[in-house]
Every structure is written in C-alpha cells, then in structure tokens.
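Trainee: I would like to go through the terms used for this structure. For each one, please set the value against the cut-off.

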Amino acid sequence: MPTKGWRSRRDTRTSDVVQLGDIVDGLMREEVFSRGIPVAELSRRWPAIVGARLAAETAPSSLEGCMLTVSATNGPWGAQARFLHEQIRLKANQALGSEIIATVRIVVRNPR
C-alpha cells in the first residue's frame, strides 16, 4: 500500500538522472515537506527558547498556519507554559527569524 500523500502525486516517474539538489528543491516547494522545517529548528533550539527546565517538560509539536502547538508532560507544566506563552511566541519567532507564529497553543500529552 502506498504511503499517504504519494497516491496523489501527478508527476511521472522516469529513469532519467536527476541532480539530488533538484530533488530536494522540488520537495521543499511542496508544503508537506517544508512545513516541518520550522518545527525541527524550534526543537533543536528549544532549551534556549524556553530554558532547560521547561524544555525538559515541553516540546514544540506542530506549526499549522500561524499557530505553534507545544506539548507538555502534565498539567502543572502545561500551566507554566501557558503562563509564558507570549514569551515563548516572541523567542520562537526570534529563533526562526520571522514573525510566522501568531499564537501558541499548549496541550498536555496523554500518559502512555
């Protein structure tokens, strides 16, 4: 069974040699690939954005539109992150070098 998302591809497959850079550029133009880049950058820089202790209990989980979703390990850490949501937004935008994040949503992860 094909992976979700690949079924709708309209480009044809060929045996022509293509430069790897051209492939990467094409993938980055597709929203499904490029929207994960800011979240990866935030994850990498998360301790500097929120501090080491809060970073141990929270993590950026998605960026949809202009909303950054941050997951917390439990209710008290979620409340702490909610209290700091505006500082998190400002520092996250600074880390990304743009004003892409307009709101920060905090969710508590379900324990496994």
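Trainee: Why is arginine 44 called exposed?

Mentor: Its relative accessible area is 59%. Exposed means over 50%, buried under 20% and partly exposed in between, with a 1.4 Å probe and protein chains only, so arginine 44 counts as exposed. The model is a predicted one, in which local features need pLDDT of at least 70, side-chain atom pairs count only at pLDDT 80 or more, and totals for chains, interfaces and linings use all residues. Residues are numbered from 1 along each chain as its sequence is written, and side-chain values use heavy atoms, without hydrogens and water.

Trainee: What makes glutamate 41 and arginine 44 a salt bridge?

Mentor: The N to O distance between their side chains is 2.9 Å. The definition asks for a side-chain nitrogen of Lys or Arg within 4 Å of a carboxyl oxygen of Asp or Glu, so the pair qualifies. Both residues lie in helix α3 (residues 36-50), 3 residues apart, about one turn of the helix. Helices (H or I, at least four residues) and strands (E, at least two) are DSSP runs, numbered from the N terminus. Glutamate 41, at 23% relative accessible area, is partly exposed.

Trainee: Are glutamate 86 and arginine 89 buried or exposed, or in between?

Mentor: Glutamate 86 has 35% relative accessibility and counts as partly exposed. Arginine 89 has 15%, so it counts as buried. Salt bridges that share partners also join Glu41, Arg44 and Arg45 into one network.

Trainee: How do you know that β1 and β2 pair?

Mentor: Two strands pair if DSSP finds at least two bridges between them. Here 6 bridges join β1 to strand β2 (residues 67-72), and the two run antiparallel. Serine 62 stands opposite threonine 69 in β2, and glutamate 64 stands opposite methionine 67. β2 also pairs with β3 over 6 bridges, in the parallel sense.

Trainee: Why are β1 and β3 called edges?

Mentor: The 3 strands form an open sheet in the order β1-β2-β3, with mixed pairing. β1 (58-64) and β3 (103-108) each have a single partner strand, so one side of each is left without a neighbour in the sheet.

Trainee: What makes β2 largely enclosed?

Mentor: 5 of its 6 residues are buried, so the rest of the structure largely encloses β2. Threonine 69 is in this strand, and its relative accessible area of 7% makes it buried. Leaving aside neighbours within four places in sequence, threonine 69 is in contact (heavy atoms within 4.5 Å) with Ala59, Pro60, Ser61, Ser62, Arg105 and Val107.

Trainee: What makes a patch of Val18, Leu20 and Ile23?

Mentor: Patches take residues with over 30% relative accessible area and no salt bridge, joining like charges within 9 Å and nonpolar side chains (Val, Leu, Ile, Met, Phe, Trp, Tyr) within 5 Å. Isoleucine 23, at 40% relative accessibility, counts as partly exposed, so it passes the area cut-off. The nonpolar surface patch is about 280 Å², with areas from the Shrake-Rupley method and a 1.4 Å probe; for residues, only the protein chains shown count as cover.
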